[in-house]
Amino acid sequence: MKRLERYIVITGVIHCQTGLRIGGTKEGIEIGGQDNPILRHPITNIPYIPGSSLKGKLRSLLEQKHCTERLRGGEPCGCGQEDCLVCRIFGPHKNTRHSLGPTRLLVRDASLTPESEAWLRSAWEEKGIDFSEIKTEVTVNRSTGIAADKGLRTQERVPAGAKFDFEVSFRVFEGDNEKQLVDFFMEGLNLLQADYLGGSGSRGYGKVKIENLKRTIVKDRPAEENAEKNSQG
Ligand SMILES: [Zn+2]
């Protein structure tokens with residue numbers, strides 16, 4: 001078993017350049033509610049980006065660039081090979097017979113920045129906009145060129161301009177090439193900015209800019225040593 005040497009924590013801001021749509025569930029929505037609601041925190045009702053959405057998107061972009069010949073039938077890469085950074089960092093999908101060690105990347109849920117939360121809260125108080133915008137889209141009948149019967153549908157999305165704080169944590173094990181792992185992740189972030197997050201990207205949703213990137217190294221010091229350090233102020 002390899003030793004866990006340290007964590008590298010990367011934080012930053014996901015700045016929505018266009019409306020962001022990460023779908024929620026229709027369960028519990030009363031009649032007259034949204035056809036296509038966004039995901040919200042169950043208690044505060046404030047939208048957030050689940051770590052699984054961000055992780056899944058980064059993984060799929062990096063796979064499309066680096067793993068096309070290893071992918072099988074639309075499934076995520078599970079080759080488990082030593083040279084596969086996708087499997088090493090994100091975990092070898094469904095493959096339990098590999099020697100890559102634990103998944104290196106942990107992606108936290110991303111919450112609205114305090115400023116964005118205040119901004120959207122004031123929109124809610126002033127205009128009754130519930131942390132989101134409702135976009136109506138029209139389906140056009142191909143042969144007549146006019147809006148199809150029942151062609152109107154609404155989509156809920158987080159408005160452009162909203163910012164979310166994100167955080168990921170890399171577990172660095174003995175023998176890991178730390179720079180290679182982090183560089184690969186950064187490549188994923190660059191691809192994400194050229195692509196989209198959430199749904200309906202081909203229709204303009206989900207363009208994001210990554211800002212304020214910061215990197216912190218957290219050594220796995222023994223607990224007593226940490227306590228000592230803290231007491232010294
Ligand atoms: Zn792989």
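Mentor: Let us take Leu181, which lies in helix 4, residues 178–194. Helices (H or I, at least four residues) and strands (E, at least two) are DSSP runs, numbered from the N terminus. Residue numbers start from 1 along each chain as its sequence is written. This is a predicted model, in which local features need pLDDT of at least 70 and side-chain atom pairs count only at pLDDT 80 or more, while totals for chains, interfaces and linings use all residues.

Leu181 counts as buried because it has 20 C-beta neighbours inside 10 Å. The criterion for buried is 20 or more other C-beta atoms within 10 Å of the residue's own, against 12 or fewer for exposed and partly exposed in between, with C-beta atoms placed from the backbone. Of the chain's 233 residues, 25% count as buried.

Neighbours within four places in sequence aside, Leu181 is in contact with Ile89, Arg104, Phe170 and Asp176; contact requires C-beta atoms, placed from the backbone, to lie within 7 Å. Leu85 stands 96 residues from Leu181 in sequence, yet their C-alpha atoms are 7.4 Å apart. In the chain, 65% of the contacts with a separation of 6 or more join residues 24 or more positions apart.

In soluble globular proteins, nonpolar side chains tend to be buried together.

Helix 4 also packs on helix 1 (residues 51–66), at an angle of about 95 degrees and with the axes 9 Å apart. Axes are lines fitted to C-alpha atoms, for helices over the stretch in contact, and angles run from 0 to 180 degrees between N-to-C directions. The two helices are therefore roughly perpendicular, a term that covers 65 to 115 degrees. Lys57, Leu58, Leu61, Leu62 and Lys65 of helix 1 meet Phe184, Glu187, Gly188, Leu191 and Leu192 of helix 4.

Technical notes
Two residues are in contact if their C-beta atoms, placed from the backbone, lie within 7 Å. Angles under 35 degrees count as roughly parallel, over 145 as roughly antiparallel, 65 to 115 as roughly perpendicular and the rest as oblique.
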